[in-house]
Amino acid sequence: MSQEKIGVLLANLGTPDAPTPAAVKRYLRQFLSDKRVVDTPRLLWWPLLRGVILPLRSPRVAKLYQSVWMEEGSPLMVFSRRQQQALAAQLPDMPVALGMSYGNPSLKSAVDELLAHNVTHIVVLPLYPQFSCSTVAAVWDELGRIFARSRTMPSVSLIRDYAEDTLYINALAASVKRSFEEHGEPDILLLSYHGIPQRYANEGDDYPQRCRDTTRELLSALELPPEKVMMTYQSRFGREPWLMPYTDETLKMLAEKGVKHIQVMCPGFSADCLETLEEMAVQNREVFIEAGGTKYEYIPALNDDPAHIAMMVNLISRYR
């Protein structure tokens, strides 16, 4: 009997190739064309997307990317590559490929890379700690499309999420404690997760519950009283209601009520990106300070922290 050869596919959302309006437009077109992300009927959505949203949004978003772009490239890509390299060093017997749902490197290129290593079993680790139909399921959809064009396929195992994983929670807790030691313990620790339309949750997406699970376990690990921690949702888009409470509105409300010192963490982001480095570290800091707050610190994502890589190794090793 032939021996199974396992390969690892790290998956994340994606990023523009450059901080330019043209590159951002290409990326947003692909991202916002996915029915998992926006499920508005296509006859209504296409004219709005192509005629209004992309022309207006792309230059504005490009400027935001320019403000966080690193020497090596987009932050999400830089940190994702570091994660891939660190994981590969810990798993020398397993090829590790990186693929993005949107943009480059594509999930197709990652699958091709693993198949070139003659793997017979692909373990897919979407780097979304909390499952959502708009993220993890989008990875699964694309893998289905990739293999639908093939006469053969390897075994595929999908790690659905790791919202309550002990090593993940411990890594988050250690990061929070380091921030407390550096900046002092804040009045409130705000845990801000990426939002989704409330309708998606009503229709069965258990993402908000998975966010609550992470918050509960982190609160327990930190041994903080419940009144010292708040959970909110950021990055809403469009006009329909999204998961609440909203991060920006909560920060304004807290400052107006006299809260002076806030620290913010985004446990749903495995790597720092535009939504953390610009929206959370810059925009929402301004919201809090302008409303009367005095101290605001953003706690970085786990990125390629050794404890984060150890968690990934542990998750993947279960399939050996």
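This is a predicted model: local features need pLDDT of at least 70, side-chain atom pairs count only at pLDDT 80 or more; totals for chains, interfaces and linings use all residues.
Colleague: What makes S5 a partner of S6, and what makes S5 a partner of S7?

Modeller: With S6, strand S5 forms 6 bridges in the parallel sense, and Ser192 stands opposite Thr232 in S6. With strand S7, residues 261-265, S5 pairs in the parallel sense over 4 bridges, and here Leu190 faces Val264 in S7.

Colleague: What is the order of the strands in the open sheet?

Modeller: The open sheet has 4 strands in the order S6-S5-S7-S8, and their pairing is parallel.

Colleague: Why do strand S6 and strand S8 stand at the edges?

Modeller: Strand S6 (229-234) and strand S8 (295-299) each have a single partner strand, so one side of each is left without a neighbour in the sheet. On average, neighbouring strands of this sheet are turned by 25° against each other, direction ignored.

Colleague: What makes S6 and S8 mostly covered?

Modeller: A residue is buried when its relative accessible area is under 20%. In S6 that holds for 5 of its 6 residues, and in S8 for 4 of its 5 residues.

Colleague: How do you know that helix H6 packs on the sheet?

Modeller: Contact means heavy atoms within 4.5 Å, and helix H6, residues 166-183, touches S5, S7 and S8, while its direction makes about 150° with that of S7. Another helix, H9 (residues 247-256), lies across S5, S6, S7 and S8, running at about 140° to S6.

Colleague: What covers the buried residues of H6?

Modeller: The covering elements include S5, S7 and S8, together with helix H8 (207-222) and helix H11 (306-317). Among the buried residues of H6 are Tyr168, Ile169, Leu172, Val176 and Phe180.

Colleague: How do you know that the reach of H6 is close to what is expected?

Modeller: The 18 residues of H6 reach 26 Å from the first C-alpha to the last, and the span expected at 1.5 Å a residue is 26 Å, so the two values can be set side by side.

Colleague: What caps the N-terminal end of H6?

Modeller: That residue is Asp165, which has a side-chain oxygen 3.0 Å from the backbone nitrogen of Leu167; the cut-off for a polar contact is 3.5 Å. After H6 comes Gly184, whose phi is positive, near 90°.

Colleague: Which residues does UniProt list for "binding site"?

Modeller: The unreviewed UniProt entry lists His194 and Glu275. They are spread over 82 residues of sequence, yet they cluster in space, with a largest C-alpha distance of 8.5 Å. His194 belongs to strand S5 (residues 188-194), whereas Glu275 lies in helix H10 (residues 274-290).

Colleague: Why is His194 called partly exposed, and why is Glu275 called that too?

Modeller: The term covers values between the 20% limit for buried and the 50% limit for exposed. His194 has a relative accessible area of 27% and Glu275 has 24%, so each value falls in the partly exposed range. The residues that His194 touches include Tyr207, Trp242 and Glu275, and those that Glu275 touches include His194, Gln234 and Met280.

Colleague: Why does His121 count as buried?

Modeller: The limit is under 20%, and His121 has 7% relative accessibility, so it counts as buried. His121 lies in strand S3 (residues 121-126).

Colleague: With which side chain does the side chain of His121 make a polar contact of 2.7 Å, and which side chain does a contact of 3.2 Å join to that of His121?

Modeller: The side chain of Ser157 is the partner at 2.7 Å, and that of Glu4 is the partner at 3.2 Å. A polar contact requires N or O atoms within 3.5 Å.

Colleague: Is Tyr246 buried or exposed?

Modeller: Tyr246 has a relative accessible area of 12%, so with the limit at under 20% it is buried. Tyr246 is found in the loop between S6 and H9, and it touches Thr232, Tyr233, Arg236 and Pro241, leaving aside residues up to four places away in sequence.

How values were computed
Residues are numbered from 1 along each chain as its sequence is written. Side-chain values use heavy atoms; hydrogens and water are left out. UniProt positions are given in the numbering used here, feature names are shortened, and annotations may be inferred rather than shown by experiment. Helices (H or I, at least four residues) and strands (E, at least two) are DSSP runs, numbered from the N terminus. Buried means under 20% relative accessible area, exposed over 50%, partly exposed in between (1.4 Å probe, protein chains only). Two strands pair if DSSP finds at least two bridges between them. Axes are lines fitted to C-alpha atoms, for helices over the stretch in contact, and angles run from 0 to 180 degrees between N-to-C directions. A polar contact is a pair of N or O atoms within 3.5 Å; within protein, one must be able to donate a hydrogen and the other to accept it, and residues adjacent in sequence count only if both atoms are side-chain atoms.
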